[in-house]
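I would ask you to look at the structure on the screen while I speak.

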Amino acid sequence: MTSPALRRWLPGLGDRLRPFERHNLIAGITVTAYLVPQVMAYAIIAKLSPVVGLWGALIALPLYALLGTSRWLSFGPESSVAVMTAAVIVPMVAAGGTTSATAAAALAVAVGVVGLLASLLRLSFVADLLSRPILVGYMAGIAVLMIDSQIDRVLGAFTPDSDTVFQHVWLLFASSPQWPALVVAVTVFVALVGISRTRYKAFGPLMALSLGVVVAAVLNAIDQPVLLLGEIPAGLPSPAIPMIPADLIPELVVGAVGVLLVAYTDATLTGRSFHRASDPPLLPATELRALSVLNIAAGFFRGMPVSTSGSRSAVARASGATSQGYSISAAIFLAIVLVVAGPLLEVIPQAALGALVVYAAILLIDVAGFRRLWRFRRSEFWLAIVTTTGVLVFGVLYGVLIAVALSVLVLLVDVARPHSAALGFVPELAGMHDIGDFDNVEEEPGLLIFRFDSPLFFANAQYFLTQARQMISERIVQLRWFALQAEAIVDIDSTGLEALEALVAELEAADIRFVLVRAKSELVEALEPTGFIDVVGRDYIFPTLPTLVAAFREAR
């Protein structure tokens, strides 16, 4: 039995991990086979040695099993985080004073520290700021950047450094592709597509890379050289404190905020998609803390920033995992690979790993998601397109800021122009309804019931007045009472209060009674100290629509 306090910090202890249970052992082996080539490829995306990806996964897997609240999530290097890592560390290395490996490790630690600070400030809700259209567009942009980062390896081309995807594509036309690399890449890609349609798809990356190794060996034997990964450090990572020049720290922190936002959003959405009703509850604050600790540990053990992997999580569940014990098993098998399989990894062709990244990137492009947005709401489709374009034109970090800014802008637009309506009766239908929803709606003569479906604050206060004034002017001849149906107004700020007071003054001048109906206790309590409730009169605050209508008819 573990104490409640210990379970709070180590939730995994409350779920029997059982790493050596048969199902978890099988899932651990399967995830390791899938993970090894995948995280090596992601490390290459981040401009790092492939072994750095393996080290990051080795640290993240068992730690999440203890710190996380999901039974299924698999943590380690991931595509979007790898692209962002490259975007952060490449300028730092170019500035001098550090290496790619040190910068990546320092970035992982910075991501963890920023995450812990965000956890202390209870900012775990920030992940909810990224709407579905923004995420669909952002991941499509990330996918294109992933393909762009590997296209030279796939084609065997050598292009100068370029600032944008579009410039790189232009430079590719002037390059000279090497057909042996292209043969290896196409072989691996076709194998991945074919194996993905079989029962052995979990082993697809390992099997496809093995085929790529054979093809590369044949080509090298006939004097058609194919670049290989080359020497990879063998053994387990040793702890080290990543030190970078002080003048690079501001750039590091800014990059860490972007990486954390994307990593935590990805982990949150993936966790929700895999969660079952019978699973322990997912705790966003605990997940943020776990992600932060994982990154700090990965950085101190020479790894790179980590997040969750939807594909590896799916492999684990499909392989029969029963708990996070599979992650501990996978870490054990990965450690064995690192100790004894170094020479085997060195003969993997670079073009083969490039093809694996391209294949994974294509899967990130949610074509069905774009199609659904187009059919559901064209504005959200174009929002996704704008986000994709922002990532490609301005880069990953600014793309994240653009995505967040667009999400907040969309939110403000929605709350600044909320739905509002007058209510009336529909024959043979109980209750009161929006007059725009039915053709045969009948309003109570002399009574305007105005519903405003949003909190009332600075962004929509003027819109509230405009809509109310318009409806009043349309009924001014016989209007006696104006009733604000305030059920959705759960909060109000000083600008909203001023709008209410202005409306009440205008109604009084026109000899029209202002009343409140279905006002939540939170709203009444907020208005109480301002004197507004006394101005309205407590006798003119009604709990339900029927009591309002009855009081109006009696007063009339």
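I will discuss the nonpolar cores, then the sheet, and finally the salt bridges. Please keep in mind that this is a predicted model.

Let us begin with the cores. In general, nonpolar side chains in soluble globular proteins tend to be buried together. Here, the largest nonpolar core holds 109 residues. Within this core, the residues that touch the most other members are Met-40, Val-184, Leu-334 and Leu-353. Helix 2, residues 22-45, supplies the largest share of the core, namely twelve residues.

Which residues does Met-40 contact, once its neighbours within four places in sequence are set aside? They are Pro-50, Leu-54, Leu-229, Ile-232, Leu-345, Ile-348 and Leu-353. Apart from this core lies another, with 33 residues, including Leu-448 and Val-536.

Six strands form an open sheet with mixed pairing, in the order 4-3-5-6-7-8. Strand 4 (429-434) and strand 8 (541-542) are the edge strands, each pairing on one side only. Further in, strand 6 (residues 481-485) pairs with strand 7 (residues 513-517) in the parallel sense, over five bridges. In this pairing, Leu-484 stands opposite Leu-516 of strand 7.

Two helices that pack on the sheet deserve attention. Helix 19, residues 461-474, touches strand 3, strand 5 and strand 6, and its direction makes about 155° with that of strand 5. Helix 23, residues 545-555, touches strand 3, strand 4, strand 5, strand 6, strand 7 and strand 8. The direction of helix 23 makes about 170° with that of strand 6.

Finally, the salt bridges. How many does a search of the whole structure find? The search finds twelve. In one of them, Asp-434 joins Arg-451, with the closest N and O atoms 2.8 Å apart. Because Asp-434 lies in strand 4 and Arg-451 in strand 5, this pair ties together parts that are 17 residues apart in sequence.

Are these two residues buried or partly exposed? Asp-434 is buried, at 6% relative accessible area, whereas Arg-451 is partly exposed, at 21%.

Arg-451 also forms a salt bridge with Asp-453, where the closest N and O atoms are 3.2 Å apart. Asp-453 is partly exposed, with a relative accessible area of 30%.

A further salt bridge links Glu-528 and Arg-538, with the closest N and O atoms 2.1 Å apart. Glu-528 lies in the loop between helix 21 and helix 22, and Arg-538 in the loop between helix 22 and strand 8. Through shared partners, salt bridges join Asp-434, Arg-451 and Asp-453 into one network.

How values were computed
Residues numbered from 1 in each chain as written. Predicted model: local features only at pLDDT ≥ 70, side-chain atom pairs only at ≥ 80, totals over all residues. Heavy atoms only, no water. Core = buried A, V, L, I, M, F, W, Y, C linked by side-chain atoms within 4.5 Å. Buried < 20%, exposed > 50% of the residue type's maximum accessible area, 1.4 Å probe, protein only. Helix = DSSP H or I, 4+ residues; strand = E, 2+ residues; numbered from the N terminus. Contact = heavy atoms within 4.5 Å. Pairing = 2+ DSSP bridges. Axes fitted to C-alpha atoms, helices over the stretch in contact; angles between N-to-C directions. Salt bridge = Lys/Arg side-chain N within 4 Å of Asp/Glu carboxyl O.
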